[in-house]
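You asked for a short note on this structure. Please keep the sequence and the 3D view open while you read the points.

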Amino acid sequence: MKLRTFITILILTIMTQVNAQSFIKGNGWTARKVGTTYIVSLNDKTSILEDLTDFVKSEKITAGSIVGIGAINEATLRFFDPTTKNYVDKKFSEQMEVSNITGNISEVLDKPMLHLHVTLGRSDYSALAGHLLDGKIRGAGELYVYPVDSKIIKVKNENVGLNFYDFEK
């Protein structure tokens, strides 16, 4: 009987440690790691870019992809103008559904870079889309982060005005 009790306690201790290790918490986010994939929840009233960047730094993710959904009440979208080589930013302040957020993780000048695009649904069922400079969660932010076991560097291409992958670095 004592051996059975010892084995039960040992198994429960191991299971508790495994579950504790797969749960991660930051200032504006929580996450669970399942295999190599992270399931990330952004807290209400937080910055998508700030908190995802914090998450990536916390988990030391240097490359990968991101996909998610949610709801926001503020978004700044960017549209690249190849003629001027500049982004044109526009801010939207209204409750919107994030029907899709997708992007990638890389490094620029030794810092994490999140390149995110978003499709937002408005209350009149029209949609906005573009490069996401940032957004404020108002409701939920649910994302999957798929790291790759590599370091991916982006370098600015001055002829085009954008950062491109540099696989030689």
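1. Basis of the note. This is a predicted model, in which local features need pLDDT of at least 70 and side-chain atom pairs count only at pLDDT 80 or more, while totals for chains, interfaces and linings use all residues. Residues are numbered from 1 along each chain as its sequence is written, and side-chain values use heavy atoms, with hydrogens and water left out.

2. The whole chain. The chain has two helices and 10 strands. Helices (H or I, at least four residues) and strands (E, at least two) are DSSP runs, numbered from the N terminus. Along the sequence their pattern reads α-β-β-β-α-β-β-β-β-β-β-β. Of the 169 residues, 35% are buried; buried means under 20% relative accessible area, exposed means over 50%, and partly exposed lies in between (1.4 Å probe, protein chains only). Among contacts (heavy atoms within 4.5 Å) between residues at least 6 apart in sequence, 60% join residues at least 24 apart.

3. Helix α1 and serine 22. Helix α1 covers residues 2-22, and serine 22 lies in it. Is serine 22 buried or exposed? Its relative accessible area is 14%, so serine 22 is buried. Leaving aside residues up to four places away in sequence, serine 22 touches Ala31, Arg32 and Lys33. With arginine 32, the side chain of serine 22 makes a polar contact of 2.9 Å. A polar contact is a pair of N or O atoms within 3.5 Å; within protein, one must be able to donate a hydrogen and the other to accept it, and residues adjacent in sequence count only if both atoms are side-chain atoms.

4. Helix α2. This helix spans residues 48-58, and its buried residues are Ile48, Asp51, Leu52, Thr53, Phe55 and Val56. An α-helix has 3.6 residues a turn, so residues three or four places apart point the same way. The cover over the buried residues of α2 includes strands β2 (29-34), β3 (37-42), β4 (64-81), β6 (96-108), β7 (111-121) and β8 (127-147). After α2 comes lysine 60, with a positive phi near 55°.

5. Aromatic pairs. Rings of Phe, Tyr and Trp (its six-membered ring) pair if their centres lie within 6.5 Å; planes under 30 degrees apart count as stacked, over 60 as edge-to-face and the rest as tilted. By this rule there are five aromatic pairs. One of them is edge-to-face: tyrosine 38 and phenylalanine 55, at 5.1 Å centre to centre and with 80° between the planes. This pair links distant parts of the chain, since tyrosine 38 is in strand β3 and phenylalanine 55 is in helix α2, 17 residues apart. Both tyrosine 38 and phenylalanine 55 are buried. Why is the pair of tyrosine 144 and tyrosine 146 stacked? The ring centres of tyrosine 144 and tyrosine 146 are 6.2 Å apart and the planes are at 25°, so this pair counts as stacked. Tyrosine 144 is partly exposed, at 38% relative accessible area, and tyrosine 146 is partly exposed at 35%. Trp29, Tyr38 and Phe55 form one aromatic cluster.

6. Aspartate 81. This residue is found in strand β4. Aspartate 81 has a relative accessible area of 26% and is therefore partly exposed. Its side chain reaches the backbone nitrogen of threonine 83 at 2.9 Å. Aspartate 81 and glycine 161 are 80 residues apart in sequence, yet 9.4 Å apart in space, C-alpha to C-alpha.

7. The largest pocket. On a 1 Å grid over the protein atoms alone, a cavity is a set of points where a 1.4 Å probe fits but cannot get out, and a pocket is an open set with protein on both sides within 12 Å along at least five of seven lines; lining residues have an atom within 4 Å of a point. The largest pocket is lined by 19 residues, and Tyr87, Met113, His115, His131 and Asn163 lie nearest its centre.
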